[in-house]
Amino acid sequence: MYEAEPEAAKLTALEANLHRMTYTDQPAKNDDWWWDDALHMAMPPFARLGVLRADTAYTEKLYRLYTHTKHAEGGPGLYDDTSGLWYRDKRFLPGGIASPSGKPVLWSRGNGWVAGGHVKTLKALGSSAPHVPEYRATLTRLVQSVAAVQRTDGFWNVNLADPAHLPGPETSGTSFFLYGTAYAIRAGLVDRAALLPVAAAAWQGLVAEAVHPDGFLGYVQKVGDRPESSQPITYDSTADFGVGGFLLAGTELAALAG
């Protein structure tokens, strides 16, 4: 909003908080992002403020926080090198919470938040900024990994690691994966011919199954932290963040088509 209509008051509270985290209030403390949703919530503001103020201290603080979440939180970090996906928080790391059949729990929307956070951060940073290659590589791996477990109807299940765990269409994770995939195609991070069918199937599934005749968006898993949250997910289940994710996906896909 500030970029569209610059007014200092819009940034006052945000900048005060980020300045405290970066400069004055335990600047060496980098374990605040203990759950993967935080990457979507906080990576982009640090990136945007760093660019706006031409202050690399913000983007370096971003990277330290990100690195802790990825490689140290809970011991090994929330990033699973084997799958290219992320655990929601340390409770779901190997040996912790598993699906009823004993498979890992890699929550769809949690990974969707990660995808969205990477896209928005990459959009804010210049291509030559430090750490951009890692952000690009991580997003690329994520969208390629989810492409391999996409449902035949274009959606993704709530648990990416176990298709039998509460199977069914879910809109919020699907929207964020479409957003990340469309961006990765447009940015040249992935092969267009290989990933465009994934994006197209996701969009067709969303508009055919989740969008009601009056524009209401269904099959959105409401507030939660795992596949079991806010079940059952139905044609009439919705939430504002699901609508936001759907709009992000649509605008990114439209930009790709243009």
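# Reading a predicted structure, step by step

Me: Does Tyr219, at 18% relative accessibility, count as buried or exposed?

Reply: Tyr219 counts as buried, because its relative accessibility of 18% falls under the 20% cut-off. One thing to keep in mind from the start is that this is a predicted model.

Me: Where does Tyr219 lie, and what is its phi?

Reply: Here is the general idea first. Most residues other than glycine have a negative phi. Tyr219 is not a glycine, yet its phi is positive, at about 60 degrees. You will find Tyr219 in the loop between helix 7 and helix 8. Gln26 also has a positive phi without being glycine, with a value near 50 degrees. Look for Gln26 in the loop between helix 1 and helix 2.

Me: Which peptide bond is cis?

Reply: Most peptide bonds are trans. In this model the bond from Gln231 to Pro232 is cis, with omega near 0 degrees. Pro232 sits in the loop between helix 7 and helix 8.

Me: Let's stay in that loop. Is Ser229 buried or exposed?

Reply: Ser229 is buried, since its relative accessible area is 11% and the cut-off is 20%. Ser229 belongs to the loop between helix 7 and helix 8. Leaving aside residues up to four places away in sequence, Ser229 touches Gln221, Val223 and Gly224.

Me: And what does Tyr235 touch?

Reply: Tyr235 is in the loop between helix 7 and helix 8 too. With residues up to four places away in sequence set aside, its contacts are Glu209, Val211, His212, Pro213, Phe216, Gly218 and Tyr219. Tyr235 is partly exposed, because its relative accessible area of 32% lies between the 20% and 50% cut-offs.

Me: How do I compare separation along the chain with separation in space? How far apart are Ala148 and Val198, C-alpha to C-alpha?

Reply: Look at both numbers for each pair. Ala148 and Val198 are 50 residues apart along the chain, and their C-alpha atoms are separated by 9.3 Å. For Tyr235 and Tyr63, the sequence separation is 172 residues and the C-alpha distance is 39 Å. Ala148, by the way, is in the loop between helix 5 and helix 6, and it is exposed, with a relative accessible area of 66%.

Me: Now the helices. At what angle do helix 1 and helix 2 pack?

Reply: Helix 1 (residues 12–24) packs against helix 2 (residues 37–52) at about 95 degrees, and their axes are 11 Å apart. Helix 1 contributes Leu14, Glu15, Leu18, Met21 and Thr22 to the contact, while helix 2 contributes Pro45, Phe46 and Leu49. Sorted by class, the contact has six nonpolar residues, one polar and one charged.

Me: What span should the 16 residues of helix 3 have?

Reply: At 1.5 Å a residue, helix 3 (residues 56–71) should span 22 Å, and its end C-alpha atoms are 22 Å apart, so the two agree.

Me: Which residue caps helix 3, and what do its buried residues pack against?

Reply: Asp55 caps the N-terminal end of helix 3, with a side-chain oxygen 2.9 Å from the backbone nitrogen of Ala57. The buried residues of helix 3 include Tyr58, Leu62, Leu65 and His68. The partners of the buried residues include helix 1, helix 2 and helix 4. Helix 4 itself is mostly covered, with 15 of its 17 residues buried.

Methods: Residues numbered from 1 in each chain as written. Predicted model: local features only at pLDDT ≥ 70, side-chain atom pairs only at ≥ 80, totals over all residues. Heavy atoms only, no water. Axes fitted to C-alpha atoms, helices over the stretch in contact; angles between N-to-C directions. Helix = DSSP H or I, 4+ residues; strand = E, 2+ residues; numbered from the N terminus. Contact = heavy atoms within 4.5 Å. Nonpolar A, V, L, I, M, F, W, Y, C, P; charged D, E, K, R; others polar. Expected span 1.5 Å × (residues − 1). Buried < 20%, exposed > 50% of the residue type's maximum accessible area, 1.4 Å probe, protein only. Polar contact = N/O pair within 3.5 Å; in protein donor to acceptor, adjacent residues only side chain to side chain.
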